[in-house]
Amino acid sequence: MPIHNSDIEEILDTVANLLEIKGENPFRVRAYRNAARTIQGLSQSVAEMVHTGQDLSELPGVGKDLGDYPRSSVETGTLLLLKELQGELPAGLTDLMKVSGLGPKRVAILYKELGITTLTDLAQAAEQGRIQALGGFGKKTEQRILEDTAKLQQTQAKRISLVVAEQVAGPLVEYLQQTPGAQDVIVAGSYRRQKETVADLDILATCGKGSKVMDRFVGYEDVRQVVSQGQTRSTVILRTGVQVDLRVVPQASYGAALMYFTGSKEHNIAVRKIGLAKKLKINEYGAFRGDKRVAGRTEEEMYAKIGLPYIEPELREDRGEIEAARKGKLPQLLEVRDIRGDLHVHTKRTDGHDTIEELVEAARRHGYDYLAITDHSKHVTVAHGLKPEQVHEQVREIDKINKKLKGFTVLKSTEVDILEDGSLDLPDEVLQELDLTVCSVHYKFNLSLKEQTDRICTAMENPYFTILAHATGRLIGQREPYQVDMEKVMKAAQRTGCILEVNAHPDRLDLNDVHCKMAKDMGVKVALSTDTHRLGNLDYMRFGVGQARRGWLEADDVINTRSVTELKKFLRKSRKAVAQLVS
DNA sequence: GCCGTTTTCGGCCCGACTGTTTTCAGTCG
């Protein structure tokens, strides 16, 4: 059973947590966390690196000692140090740290004094009033533990999708903007970085003296609970369960605060370190030389002070963006307006809700030049997948529509199923009539890693295979990705010239950011598509663009930034290449 | 445990808020 980067990440994080509870040197703890994060953001699999004999200690934050850990994890599936730590401390202790207000110190006290090792123990002790008697704990802490353990036991800390985050943030920002004296109000945090899901909303506001923006915030009609309230920072929980932090700073600190509040934490730490080297103290109020503020009004100004160009929020993960900025090698990130057409759209013939004409009209409103109609193939019976003769029929319909259209092209396509044996669900004679195909896995999600990977890679050998749709099949928060070796899939794509889709549906975002970066690093082209089933879904493109930006993609990495002529040329060329490769 | 535009040793980001305290530790972002 091969070990994934996420497994190694988890091992390192658990080690960090246990070391912290043990009271180890905090910097040693941080070293483990940093290494875990480096591996999480890696576009290559560590297992693969180990097999090819690459030196892991060259990864940032991974030195001589830690460099050997992933190696032994890959070889043994676990880590000796972790086993030793688990021998000393019960594994459940790391769960206790999820309770708000409980960090390593308090967890250690709870364990030593009361022998608490699980959330159940904790809840019980709180009910019996045994916690408030401990030094450093009090009634309020005990009450919070009681509430929080109950919540944790029901719902595993829920993250919300970007589209839900938008729906919650929009009205709240508007409400805050209406406060007299309020100036800029902006959602920062992981939302601004377009992380695929967000745990809470971080809102930044600037306002004139005496503005009541903070009072107005905690008085918002949707607030269920005020967690903390201060002059410059407050936290509330909305009725939807979403936590929102508001931070208020003077206008002169807007850029510094936006930078600080956008994160990521790791990016901020790296920025502050560079500041220190230049004898600058950087905080949310500005960049300071001694007591004198030398920057803070804009983010550009802040970056300039430490000698860097502006870094886009989506890149701020401390995954090499600072190094790239230093060298002047930051990517010119893809933008929504670069997209010329959508390549994955369903009509009412299968499980969509609209006609081709309606979709074309909507696409034109988006400023697109083309649209690929990709109804399901016959295997997807629940969606009334099209049989060969029905595909023919649709092709003729599209030809007719195209004749009437000026300055817009409907591309003939299908979302064809990849069958279990790696063949496609429609015969070549049908596929060759189409401009492109979007190929995907819709059943047999539970194949082994090797079987699923082989299934997809085999399909890619078909000369009519154009785009692999939603490569891992995951539904965020609902369905785990199926087992598939993305590195192998990318290699197959590299070899055959197949394209990988970034499915922009906010529940899919598949490829994810790390896979986007992997594609870029391997020179595999991607397509950004919405998988539209209703007209409104066309708007989802922005979420796909967000992930693409997080994966460092530029317009040239994305095929549907091309004009329809260039796109068709590109598709013909790659089809020929595969045919030659296979013959 | 990592790392070097002060350093191969001695640092390691910084501030707000809470609760339990009588001046601050712990937690959080």
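Modeller: Two strands pair if DSSP finds at least two bridges between them. Helices (H or I, at least four residues) and strands (E, at least two) are DSSP runs, numbered from the N terminus. This is a predicted model, in which local features need pLDDT of at least 70 and side-chain atom pairs count only at pLDDT 80 or more, while totals for chains, interfaces and linings use all residues. Residues are numbered from 1 along each chain as its sequence is written, and chains are lettered from A and ligands numbered from 1 in the order in which they are written.

Colleague: What makes β9 and β10 a pair?

Modeller: Strand β9 (residues 286-289) and strand β10 (residues 292-295) are joined by three bridges and run antiparallel. The definition asks for at least two bridges, so three bridges make them a pair. Across the pair, Phe288 faces Arg293 in β10, and Arg289 lies opposite Lys292 in β10. Two residues separate the strands of this hairpin, where Gly290 has a positive phi near 65 degrees.

Colleague: Why are β8 and β10 said to stand at the edges?

Modeller: The open sheet has three strands, in the order β8-β9-β10, with antiparallel pairing. β8 and β10 each have a single partner strand, so one side of each is left without a neighbour in the sheet. From one strand to the next, the twist averages 35 degrees (axes are lines fitted to C-alpha atoms, for helices over the stretch in contact, and angles run from 0 to 180 degrees between N-to-C directions).

Colleague: Why is Arg33 called partly exposed?

Modeller: Arg33, which lies in helix α2, has 19 other C-beta atoms within 10 Å. A residue is buried if 20 or more other C-beta atoms lie within 10 Å of its own, exposed if 12 or fewer, and partly exposed in between, with C-beta atoms placed from the backbone. The count of 19 falls in between, so Arg33 is partly exposed.

Colleague: Which residues does Arg33 touch?

Modeller: Leaving out residues up to four places away in sequence, Arg33 touches Asp13 and Ala16; contact requires C-beta atoms, placed from the backbone, within 7 Å.

Colleague: How many residues surround DNA strand B?

Modeller: There are 43, and the closest are Gly63, Gly103, Gly138, Ser228 and Gly230. A residue is near if its C-beta atom, placed from the backbone, lies within 6 Å of the strand. α14 gives the most to this surface, with seven residues.

Technical notes: Two residues are in contact if their C-beta atoms, placed from the backbone, lie within 7 Å.
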